[in-house]
There are 2 protein chains.
Amino acid sequence: MTNDIDILVSEVGPRDGLQSIETVLPTAIKHRWIGAQASAGCREIEVGSFVPPKLLPQMSDTADVVRHALEIPELTVAVLVPNLRGAENAIAAGAHKISIPFSVSETHSLRNVRKNHEQMLAEVAKIAELVANVEPERRPHFEAGLSTAFGCTLEGAISEDLVVRSAERLIDCGVAEVGLSDTTGYANPSQVKRLVRKVKAAVGDDRLTGVHLHNTRGLGLANALAAIEEGITTVDSSLGGIGGCPFAPGASGNIVTEDLVFMLEAMGLRTGIDLDRLLSVRDILRQALPDEPLYGFTPDAGLPKDFNVAA
Amino acid sequence: MTNDIDILVSEVGPRDGLQSIETVLPTAIKHRWIGAQASAGCREIEVGSFVPPKLLPQMSDTADVVRHALEIPELTVAVLVPNLRGAENAIAAGAHKISIPFSVSETHSLRNVRKNHEQMLAEVAKIAELVANVEPERRPHFEAGLSTAFGCTLEGAISEDLVVRSAERLIDCGVAEVGLSDTTGYANPSQVKRLVRKVKAAVGDDRLTGVHLHNTRGLGLANALAAIEEGITTVDSSLGGIGGCPFAPGASGNIVTEDLVFMLEAMGLRTGIDLDRLLSVRDILRQALPDEPLYGFTPDAGLPKDFNVAA
């Protein structure tokens with residue numbers, strides 16, 4: 001992260017948002033969206049995932065989307081990969097950052113990717129080796145997201161010790177960083193603070209800088225605030241909470257980027273993002289996905305009188 | 001507040017929620033709602049306001065509603081009053097707690113109640129004298145809410161010094177306590193913390209224990225968290241965010257009680273409220289006001305697996 005911003009708002013809409021939407025967004029529209037949001041000041045965008053196209057047709061153009069996004073100056077182009085094969089594709093495409101989800105709930109891991117913890121760690125180690133062998137100037141940042149870290153719809157409560165041990169083992173396997181993900185929308189602010197502290201204590205401050213939180217029970221921004229108070233500097237969110245109806249099966253319920261940026265900027269924390277321009281990016285989604293609801297309070301309420309003047 | 005709870009969730013739906021709804025809720029339904037919510041464990045409910053019935057027909061039965069609510073054991077019956085006349089009616093009805101809004105934005109004060117600050121302070125002083133003359137066992141707790149404390153749609157930014165001075169002058173006029181109100185939904189967590197600290201420093205910790213926050217820009221729970229971290233122990237909210245579409249003119253956009261209680265209980269802060277029973281109180285509103293939207297994420301998402309077990 002450069003020194004001219006305090007918090008990196010990492011846009012995950014083109015990946016986490018779109019993946020739960022059936023209408024396949026044309027590649028050209030993805031390009032427009034990513035370009036417009038980068039122009040509004042977003043420094044990092046997760047543009048897609050390298051999963052088998054048969055499983056997720058929405059993501060079948062990820063290599064193209066990455067290549068286009070790489071042409072945007074000062075944008076960190078992130079992708080999600082579920083396995084070694086995905087990592088190979090991500091590296092071939094030239095992504096700056098690759099993330100792999102690791103379910104702390106082993107039941108969830110087996111259900112989602114048919115791998116237990118040992119198998120996942122072996123996969124992560126192979127990817128880390130692959131990444132290490134990439135020439136330095138093209139080498140991506142490799143991160144593992146600790147999903148279901150705050151609770152699991154299948155297992156219920158998740159042991160905090162297991163989260164910490166998983167973080168340590170992932171670092172041992174060679175990831176540069178771990179992240180904490182509230183996959184299920186179970187997190188509360190006290191738990192966020194406690195878990196950020198514990199994981200940082202175990203793996204080091206520079207090995208946990210980001211959180212991926214959901215707004216399933218309305219606590220998304222409160223949890224983000226708690227994380228930031230514990231020194232977290234990267235927060236994931238999704239424009240318009242796209243794909244994020246928290247009540248529909250499979251939907252993500254991501255934090256809404258517009259509300260998150262409003263909160264941070266109002267607090268005097270610099271995101272580098274121009275709120276007015278960010279709000280206008282919604283038009284692209286509204287036109288391209290007319291049947292998808294767009295969420296967020298700030299877009300409807302508007303900015304406070306003299307907001308930009310006061311800030 | 002009794003010692004068996006950590007945070008007092010003060011339900012303001014029957015007053016702040018209903019006042020922006022045109023359909024007049026029958027008195028019997030108000031009784032049912034208040035009774036059901038008290039049975040779910042709510043310890044304080046603002047049941048109505050003593051305003052001229054012609055101005056607000058929805059509140060014309062407040063004296064009846066107060067008298068009924070007084071029969072509920074362990075419930076603090078609160079009302080809002082705009083002036084001395086309202087306070088006389090509130091005392092006659094036997095309310096436990098009376099609140100008067102004082103707009104820190106003088107423009108807002110003139111627009112809303114046609115009184116400048118000096119006139120408002122004179123009114124508050126008269127009410128304080130009236131209250132002081134009530135026999136001790138029937139004497140209500142008298143509070144002034146500093147509305148527009150975090151910004152005003154008419155004036156824009158509000159001077160924090162003016163908020164502090166207003167708090168001091170209201171205490172000098174004889175109110176037992178002041179509260180901070182984000183009437184416009186402009187507040188952010190840093191501002192909440194700063195202003196709570198400043199006002200507490202000026203008037204004393206026991207003279208500022210409550211906040212009234214809105215969710216207009218989605219920051220309601222984050223702001224509540226910030227307030228609680230600064231020692232605030234009473235947070236206002238409205239069941240189902242009733243009357244609270246933040247985009248309709250005149251609507252309040254109150255914090256949703258269900259989401260607030262979920263956040264607090266998940267954090268291990270005791271509210272005294274049974275969440276399952278609270279959620280069922282929504283049925284009363286859904287039946288009585290079928291055309292009014294009910295808000296909240298937790299009611300739709302449901303409680304996390306093993307939530308009550310874990311807590």
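I call a residue buried if 20 or more other C-beta atoms lie within 10 Å of its own, with C-beta atoms placed from the backbone. The model is a predicted one.

**Entry 1: helix H11 of chain A**

I applied that cut-off to helix H11 of chain A, residues 275-288. The buried residues there are A:Leu275, A:Leu278, A:Leu279, A:Val281, A:Ile284 and A:Leu285. I then looked up what they pack against, and noted helix H2 (27-39), H10 and helix H12 (298-301) of chain A.

**Entry 2: chain A overall**

I counted secondary structure next: chain A has 13 helices and 8 strands. Of its 311 residues, 54% are buried. Along the principal axes, the C-alpha atoms fill a box of roughly 55 × 40 × 40 Å. I checked the radius of gyration of chain A, which is 18 Å; a compact globule of 311 residues would have one near 19 Å, so the two agree. For contacts in chain A between residues at least 6 apart in sequence, I noted that 74% join residues at least 24 apart.

**Entry 3: A:Gly253**

Where does A:Gly253 lie? I found A:Gly253 in the loop between strand E8 (234-237) and helix H10 (257-266) of chain A. A:Gly253 has 28 other C-beta atoms within 10 Å, and because the cut-off is 20 or more, A:Gly253 counts as buried. I also took the C-alpha to C-alpha distance from A:Gly253 to A:Gly241: 6.5 Å, at 12 residues apart in sequence.

I turned to chain B and took H8(B) with H9(B). Their axes are 8 Å apart and the packing angle is about 30 degrees. Angles under 35 degrees count as roughly parallel, so H8(B) is roughly parallel to H9(B). The crossing of H8(B) and H9(B) is right-handed. On the H8(B) side I listed B:Pro189, B:Val192, B:Lys193 and B:Val196, and on the H9(B) side B:Ala222, B:Asn223, B:Ala226, B:Ala227 and B:Glu229. By class, the residues of this contact are 6 nonpolar, 1 polar and 2 charged.

I then took helix H7 of chain B, residues 160-172, with H8(B): the angle is about 35 degrees and the axes are 9 Å apart. H7(B) also passes H8(B) in a right-handed crossing. H7(B) contributes B:Glu160, B:Val163, B:Val164, B:Ala167, B:Glu168 and B:Ile171, while H8(B) contributes B:Leu195, B:Lys198, B:Val199, B:Ala202 and B:Val203. I noted 8 nonpolar, no polar and 3 charged residues in the contact of H7(B) with H8(B).

**Entry 4: B:Asn223**

Leaving out residues up to four places away in sequence, B:Asn223 touches B:Asp182, B:Ala187, B:Pro189, B:Val192 and B:Leu213. I also looked up B:Arg194, 29 residues away along the chain from B:Asn223; their C-alpha atoms are separated by 12 Å.

**Entry 5: chain B against chain A**

How many residues of chain B are in contact with chain A? I noted 36 residues of chain B in contact with 36 residues of chain A. On the chain B side, the elements giving two or more residues are helix H8 (189-203), helix H9 (220-229), helix H10 (257-266) and helix H12 (298-301). That side of chain B divides into 19 nonpolar, 12 polar and 5 charged residues.

Technical notes:
Residues are numbered from 1 along each chain as its sequence is written. Chains are lettered from A and ligands numbered from 1 in the order in which they are written. This is a predicted model: local features need pLDDT of at least 70, side-chain atom pairs count only at pLDDT 80 or more; totals for chains, interfaces and linings use all residues. Two residues are in contact if their C-beta atoms, placed from the backbone, lie within 7 Å. Helices (H or I, at least four residues) and strands (E, at least two) are DSSP runs, numbered from the N terminus. Ala, Val, Leu, Ile, Met, Phe, Trp, Tyr, Cys and Pro count as nonpolar, Asp, Glu, Lys and Arg as charged, and the others, Gly among them, as polar. The radius of gyration is taken over C-alpha atoms; the globule rule is 2.2 Å times the number of residues to the power 0.38. A residue is buried if 20 or more other C-beta atoms lie within 10 Å of its own, exposed if 12 or fewer, and partly exposed in between; C-beta atoms are placed from the backbone. Axes are lines fitted to C-alpha atoms, for helices over the stretch in contact, and angles run from 0 to 180 degrees between N-to-C directions. Angles under 35 degrees count as roughly parallel, over 145 as roughly antiparallel, 65 to 115 as roughly perpendicular and the rest as oblique. A crossing is left-handed if the near helix is turned anticlockwise from the far one by less than a right angle, and right-handed if clockwise.
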